[in-house]
Each structure stands twice: as C-alpha cells, then as structure tokens.
Amino acid sequence: MAKRVPKLGHEKWEAVHICAEDEVLAGIQDAQRKLTAENPDRVVTVGGNCMASLALFDYLHGKYENVGIVWIYAHPDVSTLNDGYPNAHAMVLGNLLEQGAPQLVSRMRHPVFKPSDVLHVGLQQLHDYQEVCLNKHRCCGFSRCPHGGKRHAGSV
C-alpha cells in the first residue's frame, strides 16, 4: 500500500509527521483546561473530529478507574507515525492505548487504556497495518463480515 502524504507545501509534516500539530496540541490543551474547570461527571460528544476524544477519554479515565471505551466508528483510529497517514484523528485510539504519536501520548494525564477496555463497533474493511495492530493487542469488536454482510463478534 502506498503511503499517503499531504500535498506539497507542508514542509512541517516532514519534521513532525502530524499535520497541523500545533493546532492539534492546542486543541487537546484547551479541552483539558475546560474539563478541569468544569469537572463534569460525564461527557457526551456527537460528531466532529475524533481527536476530541483524546482529552475526553483521558479525563474520564482519571475520574473513574473502571471506565471503558465503546468505539462506534468505521475506522479503528490506531494509526501511528510510521503508517504514513499524517492526520492525528486517525491516531486517537492508538494514543489512548499508548502506541500512537509520542507528542500526543505525552499529553495524557492519566493511565493509558488496556486493549480489554476497548470494544470496536462497526469497523469497515481494515488496512493491513490496522489489522496487525488490533490483532497484536487482541482488541475485540463487532464489525462487518466480508461474507454475506453478517456481523460477527470476537477478535478483529
């Protein structure tokens, strides 16, 4: 599979491998500041960029020891810097599992999640590197089965 890279002119990507890294890190910090100030018991998000989930799940993991993640999305978002996709939103769940980009993982204030804390629901066909990652960590989920559209549970 060919690596996807941003359009020419994104020289900074060559150095850090995350598009708009400064903005991404500022967004995480802003969300953390707001969560700390408000100290909500629960957080609900609908839509938007998946990167918003990093600060939210990290916050909830600090507030509640036994919290898990039900990841309802077509993409597993476990990309790493080595996978050649420069958008941080594709790394968010990998960061929560401590395998993503170090500059994003280092922003977390609470313990990382274990793969057994995560359930994927609705995954589409995976890229090879995503499947390797999910199998390596024995992540479980419900996904579309390529055989007759039936759903199955178990290892992804």
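Mentor: Helix α3 has 12 residues and spans 17 Å from its first C-alpha to its last, close to the 16 Å expected at 1.5 Å a residue; the expected span is 1.5 Å times one less than the number of residues. Helices (H or I, at least four residues) and strands (E, at least two) are DSSP runs, numbered from the N terminus. The model is predicted: local features need pLDDT of at least 70, side-chain atom pairs count only at pLDDT 80 or more, and totals for chains, interfaces and linings use all residues. Residues are numbered from 1 along each chain as its sequence is written, and side-chain values use heavy atoms, without hydrogens and water.

Nine of the 12 residues of α3 are buried, that is, under 20% relative accessible area with a 1.4 Å probe, protein chains only. Among them are Ser 53, Phe 57 and His 61. Their cover includes α2 (21-38), β1, α4 (92-96) and α5 (102-105), where contact means heavy atoms within 4.5 Å.

Helix α3 (52-63) also supplies the largest share of the lining of the largest pocket, five residues. A pocket is an open set of points on a 1 Å grid over the protein atoms alone, where a 1.4 Å probe fits, with protein on both sides within 12 Å along at least five of seven lines; lining residues have an atom within 4 Å of a point. Of the 20 lining residues, Thr 45, Ser 53, Phe 57, Val 70 and Trp 71 lie nearest the centre of the pocket. Strand β1 (69-72) supplies at least two residues of this lining.

How values were computed. Buried < 20%, exposed > 50% of the residue type's maximum accessible area, 1.4 Å probe, protein only.
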